[in-house]
Amino acid sequence: MKKLFGAFFVKIIVTAVYNVYFHPLAAFPGPKTAAATPIPFVCRLINGRLVHWTTSLHASYGEVVRISPDELSFIEPCAWQDIYASRPQLPRAEVGKLESGVGEKAMVTADNENHARQRRIVSHAFSDRALREQEYLLIKYTDLLISRLHDQLESQEEHPQEVNICKWLQFVTFDIIGDLCFGESFHSLENMEHHEWVSMILKGVKFGTRLTAFHYFPPASTIMQRCVPSSMMAKAEHHYDMTRQKVDLRINQKSQRPDFMKYILENNDKKGMSIEEIYSTVSLLVLAGSETSASTCTAAIWFSLKKPSVMEKLKEEIRRAFTGLEDITVASASGLPYLHAVLQESLRMHTNEPVALPREVNRPGMRICGRIIPEGVSTVQIHQVQTY
Ligand code: HEM
């Protein structure tokens, strides 16, 4: 046993020395501890400080930083094109994929080929025609939100001017996306709490991030996957069962209401998605469309409240454009330049993604902003917040 530990210890030291001095990325700047082992990176990934840590590294080391033995972070403008828009596309890195534990891989975890196949079907749900047809649902739930906020403000005696807007925006976005995906709302606005399905998926994201961290230590990853407590796996299975039931119910309705499912089913030809892929895709859509939109709107409200001059200008533009709630539609709201600018600026200043979107360098001679990046050992990424 002693010998085994000794060998293990020697292996760690040798690997760390190799990583710092002989690895193909050895010439890139960054802290030696991060070059030696993924531990500093993984600690920040788990404690939610990754964005802040990487920002401080760019301030100290410049435009390219080695943030882990095999990973580089970039902040130069040219890196956007080279990393995310080069052809053929660089594949999503395994280490950056959020593990779900159950179900088929949906777009953000699938490989390039399966991603393209799934995306071809799902994109029909986001065409101009589909968006126009879905507008009545957006209006229905937004009106409900406004009326629930009025009720809240009137019924509160102690703090009549206070509501937790972040929570209410989550309720409305989950209700909208739930209705678009399952043909039925989660009823969060009516019940003033998250549906069990939503609470479970929000907790699952945190747990998934921890599982993802083990990708950085391959043997530990295999052990961890096997050691996930059976109670956790049972919860994940229960959640997946709920998804199956909801999707099956919507499919069996054979309804022509213009929600996401109508377009997915209508266009799901022989080369399309299996039913298991549809279950996973729907779970992805609910999460991708709700929490992101809610936190962006929360950020827009927060930034506007911090700058009273911005809030005044926004109120003036909106009140000049509309005389009543019924005038507000997707088309009329899209024509408000100041509102548009506030949303764009909020997307720029507020980070929705707590991690960057890593891509693997899978071909020789790949250049990012003129630098040759070694193939096979390099994962490259940009975090939007660090680029300005
Ligand atoms: C402000 C709101 C939103 C933000 C900030 C946001 C952010 C993002 C980001 C950063 C990705 C890339 C993920 C990756 O490459 O791994 C992504 C992908 C995606 N988002 Fe959003 N999103 C928002 C709203 C929505 C909405 C409303 C929907 C749908 C209802 C949606 C559906 C998707 C889908 C399906 C993907 C995967 C696309 C693909 O892989 O081809 N998102 N989103």
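This report walks through a predicted model of a protein chain with a ligand, from overall build to a few local details.

## Ground rules and confidence

Since this is a predicted model, local features need pLDDT of at least 70 and side-chain atom pairs count only at pLDDT 80 or more, while totals for chains, interfaces and linings use all residues. Residues are numbered from 1 along each chain as its sequence is written.

The mean pLDDT of the protein chain is 89, and 97% of its residues reach 70 or more; pLDDT is the predictor's confidence in each residue, from 0 to 100. Where pLDDT is low, the predicted coordinates should not be read in detail.

## Overall build

You'll find 17 helices and six strands in the protein chain. Helices (H or I, at least four residues) and strands (E, at least two) are DSSP runs, numbered from the N terminus. The radius of gyration is 24 Å, close to the 21 Å that the globule rule gives for 388 residues, so the chain is as compact as a globular protein of that length. That radius is taken over C-alpha atoms, and the globule rule is 2.2 Å times the number of residues to the power 0.38. Along the principal axes, the C-alpha atoms fill a box of roughly 75 × 50 × 45 Å.

Of the 388 residues, 28% count as buried. Here a residue is buried if 20 or more other C-beta atoms lie within 10 Å of its own, exposed if 12 or fewer, and partly exposed in between, with C-beta atoms placed from the backbone. Among contacts with a separation of 6 or more, 70% are between residues 24 or more positions apart; a contact is two residues whose C-beta atoms, placed from the backbone, lie within 7 Å.

## Around the ligand

The ligand has 14 residues around it, and A288, G289, T292, T296 and N352 come nearest. To be near, a residue needs its C-beta atom, placed from the backbone, within 6 Å of the molecule. Helix α14 (275-306) is one of the elements that supply at least two residues of this shell, and α6 (112-122) is another. The largest share, six residues, comes from α14.

By class, the shell has six nonpolar, six polar and two charged residues. For this count, Ala, Val, Leu, Ile, Met, Phe, Trp, Tyr, Cys and Pro are nonpolar, Asp, Glu, Lys and Arg are charged, and the others, Gly among them, are polar.

Start with α6, where Q118, I121 and V122 are buried. They cover an arc of only 95 degrees around the axis, which puts them on the same side of α6. The arc is that of the directions from the helix axis to the C-beta atoms. The cover over these buried residues includes α13 (260-267) and α14. On the other side of α6, E113, A116 and R119 are exposed. R119 has 12 other C-beta atoms within 10 Å, and its C-alpha sits 40 Å from that of T323, which is 204 residues away in sequence.

Helix α3 (residues 39-47) has F41, V42 and L45 buried. Their arc around the axis is only 95 degrees, so they lie on the same side of α3. The buried residues of α3 pack against α2, α4 (50-61), β1 (64-68) and α10 (196-213). After α3 comes G48, with a positive phi near 80 degrees.

A cis peptide bond joins R87 and P88, with omega at about -10 degrees. P88 is in the loop between α5 (77-84) and α6.

H187 is not a glycine, yet its phi is positive, about 60 degrees. This residue lies in the loop between α8 (165-182) and α9 (188-191), and it is partly exposed, with 15 other C-beta atoms within 10 Å. C369 is not a glycine either, and has a positive phi of about 50 degrees. Look for C369 in the loop between β4 (367-368) and β5 (371-372); with 17 C-beta neighbours inside 10 Å, C369 counts as partly exposed.

## Out at K3

K3 lies in helix α1 (residues 2-21) and is exposed, with 7 other C-beta atoms within 10 Å. From K3 to Q170 it is 167 residues in sequence and 54 Å in space, C-alpha to C-alpha.
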